[in-house]
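Please walk through this model by following its strands and helices one after another. The sequence and the coordinates come first, and the explanation follows them.

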Amino acid sequence: MEVISMKSDRQGSNKLSFPWGIPGLEDYRQFTLTLLEADSPYYYLRSTDRPEIGLLLVNPFVLFRDYEFDLAEEVVAQLKIADQGQVAVLCAVNTSRGLDLATVNLLAPIVINTQNFLAKQVILNDRRYSLRAPLKINRGVDREVG
Amino acid sequence: MLVLARKKGQSIMIGKDIKILVVEVTGETVRLGIEAPAQLEIFREEIYRDLQEENTQAITGVEEAIRLLKNCGKKDKKQC
């Protein structure tokens, strides 16, 4: 579950479909996911219809090494996940208060089936995690793993 | 809104597949047990509303953050 590998187009982008919408952004279902740059844990998720609507995502396992959760059966079925190897997990980063005060949404990770590109933001029933976990942007740590 | 009074151990049914049981009542807190088909998502209302707000807020400032993060990668930059 830690490594995200997806077949990408030349720009390194993937088209993701969120059939159940993203809470708060329900009007948009089709998104383009782009790795920010090589070896970065960050991704840019932009609405295909409205590119100005976008979220910064991060591979949570790079920044929060103990992060783990069980994927609910209904999500496995909804995303048509046949094998754990086809699952990727990214979390939204809130930088609206600036990069120094950035937070990561660990309570509602975005789960992606990397084979069919179905994706869903899942709300965990897990008291360990918060919608706004402080993110320390630290170049050394962030870039240790790609 | 339909309002029903229930005691500890009593349930209500919503349709024939969804059962909500009053497990425990302590002061102002009611613990509920919910049996429902797996495809139904169940979550605390305030968490869902919170998430909507969080996502709506998180779309602000993304481009600026990305510009800064990309600069982080360049060794001579000192922003990070």
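**Strands, helices and the interface**

Start with a helix of chain B. On one side of α1(B), the residues B:E45, B:E46 and B:R49 are exposed. The model is a predicted one, and the predictor gives the complex an ipTM of 0.86 and a pTM of 0.82. For chain B the mean pLDDT is 89, with 90% of its residues at 70 or more.

Helix α1(B) takes in residues 45-58, which makes 14 residues, and its first and last C-alpha atoms are 20 Å apart, close to the 20 Å expected at 1.5 Å a residue. Its buried residues are B:L51, B:E54, B:N55 and B:A58. Viewed down the axis of α1(B), these buried residues fall within an arc of 95°, so they line one face of the helix. An α-helix has 3.6 residues a turn, so residues three or four places apart point the same way.

Helix α2(B), residues 62-72, can be read in the same manner. Its residues B:V62, B:A65, B:I66, B:L69 and B:C72 are buried. Around the axis they cover an arc of only 110°, which puts them on the same side of α2(B).

Now turn to the contact between the chains. In total, 27 residues of chain A are in contact with 26 residues of chain B. On the chain A side, the elements giving two or more residues are β3 (42-47), β4, α2 (73-78) and β5. The largest share, three residues, comes from β4(A). By residue type, the side of chain A that touches chain B divides into 15 nonpolar, seven polar and five charged residues.

Chain A itself contains three helices and nine strands. Along the sequence their order is β-β-β-β-α-α-β-β-β-β-β-α. Of the 146 residues in chain A, 40% are buried. Among its contacts between residues at least 6 apart in sequence, 51% join residues at least 24 apart.

The strand pairing of chain A can be followed from β2(A). Five bridges join β2(A) to β3(A), and the two run antiparallel. Within this pair, A:F31 stands opposite A:S47 of β3(A). The hairpin of β2(A) and β3(A) has six residues between the strands, and A:D39 in that hairpin takes a positive phi near 70°.

The next step goes from β3(A) to β4(A), which are also antiparallel and are joined by five bridges. These two strands form a hairpin with six residues between them. Here A:Y43 stands opposite A:L57 in β4(A). Strand β3(A) is mostly covered, since six of its six residues are buried. In a regular strand the side chains alternate between the two faces of the sheet. In β3(A), A:Y42, A:Y44 and A:R46 point one way, A:Y43, A:L45 and A:S47 point the other way, and all are buried.

From β4(A) the pairing continues to β5(A), in the antiparallel sense and over three bridges.

Four bridges join β5(A) to β7(A), residues 110-113, and the two run antiparallel. In β7(A), A:I110 is the bridge partner of A:L90. Strand β6(A), residues 103-104, pairs with β5(A) over two bridges, again in the antiparallel sense. There A:V104 of β6(A) is the bridge partner of A:V93.

Two loop residues complete the tour. A:R29 is found in the loop between β1 (13-17) and β2 (30-35) of chain A. With 17 other C-beta atoms within 10 Å, A:R29 is partly exposed. Not counting residues up to four places away in sequence, A:R29 touches A:S17, A:F18, A:P19 and A:G21. A:R29 and A:D49 are 20 residues apart in sequence and 9.0 Å apart in space, C-alpha to C-alpha.

A:D126 is found in the loop between β8 (119-121) and β9 (133-134) of chain A. A:D126 has 12 C-beta neighbours inside 10 Å and therefore counts as exposed.

Methods. Residues numbered from 1 in each chain as written. Chains lettered and ligands numbered in written order. Predicted model: local features only at pLDDT ≥ 70, side-chain atom pairs only at ≥ 80, totals over all residues. Expected span 1.5 Å × (residues − 1). Buried ≥ 20, exposed ≤ 12 C-beta atoms within 10 Å, placed from the backbone. Arc of directions from axis to C-beta. Contact = placed C-beta atoms within 7 Å. Nonpolar A, V, L, I, M, F, W, Y, C, P; charged D, E, K, R; others polar. Pairing = 2+ DSSP bridges. pLDDT = per-residue confidence, 0-100.
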